[in-house]
Amino acid sequence: MSRSPNPSSRDRNPVSSTAPWTPSRVTPEADDDWFDEPTAEAPAVDDAWFDEAATPAAAPPVDEFGLIERLLRPLTRGDAAALSLLDDAAVLPSRPGYDLVITKDAMVAGVHFLAGEDLDVVAKRLLRTNLSDLAAKGAVPYGYFLAVGWPSGTTLTDRETFAQGLAEDGELYDVSLLGGDTVTTSGPMVVSATFLGWVPSGDAVLRKGARVGDRLMVSGTIGDGWLGLLAHWGEVEDPDGGLVRRYRLPPPRLAIRDALRAYARAAADVSDGLLADAAHVAKASGLRVKVDLDRLPLSPGARHWLGAQPEAGEARMSLASGGDDYEIVCAVDPTDVAAFQAAAMAAGVPVRDIGEFVEGEGICALFKGKDITPERLGWLHG
């Protein structure tokens with residue numbers, strides 16, 4: 001789950017209302033309300049499922065099925081399982097020798113992405129945060145199901161922008177839309193995706209599986225997502241915009257999935273914060289994990305920020321608990337560390353040894369050999 005742009009609202013449970021189903025307006029073949037009719041300025045009437053939709057450019061009206069054909073069917077990229085979005089379900093083929101990995105994530109405007117964010121960015125962020133979960137399992141993405149709660153008054157142009165973001169990242173990460181649903185809500189925008197991926201039978205990398213003596217490894221750099229949010233608020237310098245980009249469009253670490261399956265005994269993606277997610281792995285494995293904050297991999301932007309902080313230990317702790325990095329944290333046998341690093345680097349992603357799994361429970365965050373473990377390890381979900 002992504003970090004809240006409004007920490008005070010992070011743990012709120014979103015409440016939305018949907019337009020009522022109107023049997024007289026919907027035929028048995030048309031009960032999949034992918035697109036309630038968008039409006040240019042005013043909200044649609046509750047039962048106006050097939051009323052004509054005006055756009056800012058006064059485009060010809062497009063009904064529900066026209067919107068599916070125009071905006072969503074291209075996102076299937078011809079995948080036969082999607083049935084051209086003509087049915088109310090997808091039919092997935094079996095794949096002998098593989099397990100199907102399924103993950104789901106939801107985001108609410110003003111809670112998990114910036115209110116007023118560009119809708120193509122919202123779409124990409126939704127895909128990437130889910131793809132990060134598949135990456136941590138060592139899975140190859142296959143397809144996804146989409147659900148969107150559109151605020152009243154959403155325009156056709158808004159929906160086109162959202163679909164364009166899905167299309168661009170669908171091509172980039174080779175993943176296709178398989179089905180889904182949309183509704184209209186009087187509340188903020190809500191988006192959710194259920195992702196499917198394939199992994200060779202028995203090879204999924206779980207959170208449990210770490211052993212005493214395993215090294216704690218992490219990919220990429222830590223703290224950029226949190227700093228990017230602060231930079232958006234003007235609280236952190238970000239001359240080249242790199243930190244904000246990292247928050248808005250985190251790169252899922254799919255490139256190291258083969259290396260993870262080969263060498264990682266346990267893994268998780270870093271969404272809630274490095275300390276929190278390392279603790280998740282330790283708990284699932286029945287162990288304690290020690291994290292050396294001195295060894296955090298940091299970007300130039302994070303190093304610049306760190307150099308201006310009065311207390312280095314507290315600053316590193318903030319970077320390690322901020323969340324939204326979407327890196328991979330994992331447990332690797334000490335004898336495999338060099339091979340894992342080489343395999344990951346060959347895939348274009350550096351990984352660093354930052355700690356150790358030991359007997360016990362919980363987590364210990366060390367800085368210059370001193371235990372400075374905070375009470376709050378990262379973001380909690382309500």
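# Burial, salt bridges and backbone in a predicted model

Reader: Into which class does E356 fall: buried, partly exposed or exposed?
Author: The relative accessible area of E356 is 29%. Buried means under 20% relative accessible area and exposed means over 50%, with partly exposed in between (1.4 Å probe, protein chains only). The value for E356 lies in that middle range, so the residue is partly exposed.

Reader: Which pLDDT must side-chain atom pairs reach to count in this predicted model?
Author: Residues are numbered from 1 along each chain as its sequence is written, and side-chain values use heavy atoms, with hydrogens and water left out. The model is predicted, and whereas totals for chains, interfaces and linings use all residues and local features need pLDDT of at least 70 (pLDDT being the predictor's confidence in each residue, from 0 to 100), side-chain atom pairs count only at pLDDT 80 or more.

Reader: How far apart are the end C-alpha atoms of helix α3?
Author: Helix α3 covers residues 156–172, which is 17 residues. The expected span of a helix is 1.5 Å times one less than its number of residues, so α3 should span 24 Å. The model agrees with this, since the end C-alpha atoms are separated by 24 Å.

Reader: Which residue takes a positive phi just after α3?
Author: Within α3, the buried residues are L156, R159, F162, A163, G165, L166, D169 and G170. Most residues other than glycine have a negative phi. Just after the helix, a positive phi of about 55° is taken by D174.

Reader: Which residue forms a salt bridge with K124?
Author: A salt bridge is a side-chain nitrogen of Lys or Arg within 4 Å of a carboxyl oxygen of Asp or Glu, and for K124 the closest N and O atoms of the pair are 2.6 Å apart. The two residues are 44 apart and link distant parts of the chain, from helix α2 (residues 119–136) to helix α3.

Reader: In which strand is the residue that the pair with R215 places at E356?
Author: The side chains of R215 and E356 meet in a salt bridge of 3.8 Å, N to O. R215 lies in strand β5 (residues 215–219), 141 residues from E356, and is partly exposed because its relative accessible area is 22%. E356 is in strand β9 (residues 351–358).

Reader: By how much of a helical turn are D258 and R261 separated?
Author: D258 forms a salt bridge with R261, the closest N and O atoms being 2.8 Å apart. D258 is partly exposed at 47%, and R261 is partly exposed at 25%. Because they are three residues apart in helix α6 (residues 257–263), they are separated by about one helical turn.

Reader: What is the phi of D324?
Author: D324 lies in the loop between α9 (312–321) and β8 (328–332), and it counts as buried because its relative accessibility is 0%. K368, which is exposed at 67%, also has a positive phi, of about 55°, and is in the loop between β10 (362–367) and β11 (370–371). D324, likewise a residue other than glycine, has a phi near 65°.

Terms used: Helices (H or I, at least four residues) and strands (E, at least two) are DSSP runs, numbered from the N terminus.
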